[in-house]
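Hi,

Here is the structure I promised to send over. Have a look first, and my notes follow below.

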Amino acid sequence: MDPSTGSSDARTAYRDPKVPKRLVPLAQQSLRLNLLPGERVLGMFASTRIRRSVTLLVVTDRRLLTLGDEHVGMPVVDDVLRSDVTEVDIERERVFSTGLVTARTVHGEVNLGTLTYGKETFNTLEEVLARPTAGAMPVIPTFVPGGRGGAEPVEDGPAPGPSGSTHPLVVHLTALADLHGRGALTDEEFAAAKARLLADPHG
């Protein structure tokens with residue numbers, strides 16, 4: 001079993017390249033102490049926040065967690081149940097540079113820190129949040145403020161296949177929504193591309 005994922009299949013977990021390698025063993029130790037039985041890590045992202053200092057944002061199949069400073073053992077700072085989250089806002093101060101990540105929950109907003117990332121990190125965070133989870137936990141729609149209405153909620157796409165893996169159509173729709181949200185596609189271009197994709201998912 002991989003201690004960083006709580007699962008024997010470590011390939012299901014993503015680690016942001018910006019997570020320093022020196023932090024991984026400490027993060028694994030903290031997660032061993034804090035993961036629930038059977039809980040799996042889906043992604044780990046480098047995150048910063050000055051007040052109530054955080055170092056990592058960890059997405060599991062049940063929760064959104066932030067881990068604190070390495071000098072105090074990277075304890076869990078924020079513990080948000082996926083079932084309480086209605087949306088995650090990703091704010092980019094500069095295109096593909098930084099982004100404040102905020103979870104909107106039934107109890108209010110939770111600041112999950114600021115990510116510094118490239119395209120891979122941004123896209124993968126959305127994919128990880130949208131990944132189907134065991135136990136019927138909902139996928140988490142994301143919104144990019146400042147875009148043309150933001151990314152569409154991923155749950156509007158087809159249901160995952162029997163294997164639990166994300167259907168390719170969902171991945172393509174998510175990518176289109178991301179382009180639309182960033183302003184790379186106009187409303188008309190987005191609608192036309194989406195219609196073509198739905199008509200011929202493999203084309």
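Quick one to start: are R63 and E39 buried or exposed? Both are buried, where buried means under 20% relative accessible area, exposed over 50%, and partly exposed in between (1.4 Å probe, protein chains only).

Before the rest, some housekeeping. This is a predicted model, so local features need pLDDT of at least 70 and side-chain atom pairs count only at pLDDT 80 or more, while totals for chains, interfaces and linings use all residues. Residues are numbered from 1 along each chain as its sequence is written, and side-chain values use heavy atoms, with hydrogens and water left out.

Back to that pair. R63 and E39 form a salt bridge, with the closest N and O atoms 2.7 Å apart; the term covers a side-chain nitrogen of Lys or Arg within 4 Å of a carboxyl oxygen of Asp or Glu. The two partners come from distant parts of the chain, 24 residues apart: R63 sits in strand β4 and E39 in the loop between α1 and β2. The whole structure has nine salt bridges.

Now the overall picture. The protein has four helices and nine strands, taken as DSSP runs (helices H or I, at least four residues; strands E, at least two) and numbered from the N terminus. Along the sequence they run β-α-β-β-β-β-β-β-β-α-β-α-α. Of the 203 residues, 45% count as buried.

Helix α1 covers residues 23–34. Its buried residues are L23, V24, A27, S30 and L31. Looking down the axis of α1, these fall within an arc of 125 degrees, so they line one face of the helix (the arc is that of the directions from the helix axis to the C-beta atoms). Their cover includes β1, β2, β3, β4 and β5.

The other spot I'd look at is around strands β6 and β7. D89 in β6 and R104 in β7 are 15 residues apart, and they form a salt bridge with the closest N and O atoms at 2.7 Å. D89 counts as buried because its relative accessibility is 8%, whereas R104 is partly exposed at 33%. R104 also meets E109 in a salt bridge (4.0 Å, N to O), and E109 is exposed at 56%. Salt bridges with shared partners join E87, D89, R104 and E109 into one network.

Beyond its neighbours within four places in sequence, T102 contacts E87, V88, D89, E109 and V110, a contact being heavy atoms within 4.5 Å.

Cheers

Key: The expected span of a helix is 1.5 Å times one less than its number of residues.
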